[in-house]
Amino acid sequence: MYTDFSPSRAGIYGATYNELIPLVAGAGFAGLDIDINQIPTIDDAAALAERFAAAGLRAGIADCPFTWNDPEVPEDWTRGVARMDDWCARISAAGGWCAYDHVFPGSNLMTYKENFDFHVERLKPFCGKLAEHGMVFGLEYIGPETRLAAFEHVFIQRLDQMLELVNAVGPGCGIAVDVFHHWCGGGEVADLVQLGNIPLTCVHLNDARAGVSRAEQLDPQRAMPMESGLVDSPGMLRVLAEIGYDAPVFIEPFKPHTERLAEAGVEVAVTEAKSWLDKAFNAADLPH
């Protein structure tokens, strides 16, 4: 696995690669995310791959560029699928291989079974296209119980449920692990050994808020990795290392840290993100 700087997860928006590459490489990161908006052509993507290589950086994740999971806006899905070959080609040319999005933990329109079938129907062609380009789509499960109040029907919240979905979808479908979500959903460190044969695209490191019970944790309010000690980030990193995980690891602390880092600026965000990642990797006794 390798340390990655994911700008938006650190509260940074709008920074260009001209600014990011020297800062991220200089801080000792091994990876930097792919921003499809900054590589509008194949030539731009190939040039970015050369810049990454020259700086000693690997490609991190690429966010899905369209809404694929809203049954009420099918036109977004249709338009997005029509653009997938171009999108995948640019990501691949930039050196990227993994994309990412989350799965909502509920629905007001569909029961669990209906929602599961809907996701399989949407994800099979989507992930199949990614697989054709040598890419994987990582799905993140969302664990906090407080998210469920917004939905009439609950959906995937836990690793075992996500494994069922990924196996049903097949090639090109994988998992993204957020340690906060895994903990909030009742997951144990040892559970992650089940991912040994599943494509993993990224790991989000963060922590739960001190003084708040697991059942009362709020999704958009988190802490930096190991800040409260409620979530065992080092333990999870060790298990992932044991099963051979080799993909990006980045911070995703949400509020209040992202607001503070956004105000402080990209240089502070890069430096601080690396410091927190170093703390977690050192505690896990893992190279980085």
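This is a short walk through one protein chain, from overall dimensions down to a single pair of residues. Keep in mind that the model is predicted.

Overall dimensions, then. The chain has 288 residues, and its radius of gyration is 18 Å. A compact globule with 288 residues would come out near 19 Å, so the value agrees with a compact globule. Along the principal axes, the C-alpha atoms fill a box of roughly 50 × 45 × 35 Å.

Next, burial and surface. Of the 288 residues, 51% count as buried. The accessible surface is about 11,800 Å². Carbon and sulfur atoms account for 51% of that surface.

Now the contacts. Take those between residues at least 6 apart in sequence. Of these, 79% join residues at least 24 apart.

On to secondary structure. The chain has ten helices and ten strands. Which strands make up the closed barrel? There are eight, in the order β1-β2-β3-β4-β6-β8-β9-β10, and the pairing is parallel. Neighbouring strands of this sheet are turned against each other by 35° on average, direction ignored.

Strand β6 covers residues 136–141, and strand β8 covers residues 173–178. The two run parallel, and four bridges join them. What stands opposite Glu140 in β8? That is Ala176.

To recap: a closed barrel of eight strands with parallel pairing, in a chain with ten helices and ten strands. Happy to take questions.

Conventions: Residues numbered from 1 in each chain as written. Predicted model: local features only at pLDDT ≥ 70, side-chain atom pairs only at ≥ 80, totals over all residues. Heavy atoms only, no water. Pairing = 2+ DSSP bridges. Axes fitted to C-alpha atoms, helices over the stretch in contact; angles between N-to-C directions. Rg over C-alpha atoms; globule rule 2.2 N^0.38 Å. Buried < 20%, exposed > 50% of the residue type's maximum accessible area, 1.4 Å probe, protein only. Contact = heavy atoms within 4.5 Å. Areas by Shrake-Rupley, 256 points an atom, 1.4 Å probe, with all protein chains shown as cover.
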